[in-house]
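Colleague: I would like to learn how to read helix packing and pockets in a model. Please take one feature at a time.

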Amino acid sequence: MIVSGWVHRQQLNVIEYLQAENRLLKARLCGKHIRFTDAERALLARKAKAVGRKALLKLETIVTPDTLMRWHRRLVAQKWDYSKRRGPGRPGVMRETSDLIVRMALENPKWGYTRIQGVLANCGIRSVVERLPMC
């Protein structure tokens, strides 16, 4: 019991020292903005989330608690962003082949998709034939 009280008192002293140090550093800044790197923002955001917004409001922080919580929301959003995993999508049709398809359709208005696919297959254009939609 005595040891836990001593540890608690020691932690309070450390916290009071760090708060005083933060006040002095903030006074030295004189309203100047500090540029943080992404790694520094992530570190501060993780630590701030652990402390909580209400406790941060009581502290003299360099950055406002709302900013710290916004950084944390962005950090979480980046974690669950899978846009980089997406592939390039379906490969496009070569320009010459698409021009040929349009020309066939214009010159032969009675031909449908199936007929154009058949003609392309006879010409040896297989990759496009597999990708054309069937109606």
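Colleague: At what angle do helix H5 and helix H6 pack, and how far apart are their axes?

Modeller: First, the source. This is a predicted model, where local features need pLDDT of at least 70 and side-chain atom pairs count only at pLDDT 80 or more, while totals for chains, interfaces and linings use all residues. Residues are numbered from 1 along each chain as its sequence is written, and side-chain values use heavy atoms, with hydrogens and water left out.

Modeller: Two packed helices are described by the angle between their axes and the distance between the axes. Here H5 (residues 95–107) and H6 (residues 113–123) pack at about 130 degrees, with axes 11 Å apart. That makes H5 oblique to H6. Angles under 35 degrees count as roughly parallel, over 145 as roughly antiparallel, 65 to 115 as roughly perpendicular and the rest as oblique. Axes are lines fitted to C-alpha atoms, for helices over the stretch in contact, and angles run from 0 to 180 degrees between N-to-C directions. Helices are DSSP runs (H or I, at least four residues), numbered from the N terminus.

Colleague: Which residues of H5 and H6 meet?

Modeller: Contact means heavy atoms within 4.5 Å. From H5, Leu 100, Ile 101, Met 104 and Ala 105 meet Ile 116, Val 119 and Leu 120 of H6. By class, the contact of H5 with H6 has seven nonpolar, no polar and no charged residues. Ala, Val, Leu, Ile, Met, Phe, Trp, Tyr, Cys and Pro count as nonpolar, Asp, Glu, Lys and Arg as charged, and the others, Gly among them, as polar.

Colleague: How do H2 and H4 pack?

Modeller: Their angle is about 105 degrees and their axes are 8 Å apart. H2 and H4 are therefore roughly perpendicular to each other. The contact of H2 with H4 has eight nonpolar, one polar and three charged residues.

Colleague: How much space lies in the largest pocket?

Modeller: Rolling a probe the size of a water molecule over the atoms shows where empty space is left. A pocket, on a 1 Å grid over the protein atoms alone, is an open set of points where a 1.4 Å probe fits, with protein on both sides within 12 Å along at least five of seven lines; lining residues have an atom within 4 Å of a point. The largest pocket holds about 590 Å³, a volume being the space filled by probe spheres set on the points, which are joined across faces, edges and corners. Its lining has 20 residues, and Asn 22, Leu 44, Leu 56, Leu 59 and Thr 61 are the closest to its centre. H1 gives the most to this lining, six residues.

Key: Helix = DSSP H or I, 4+ residues; strand = E, 2+ residues; numbered from the N terminus.
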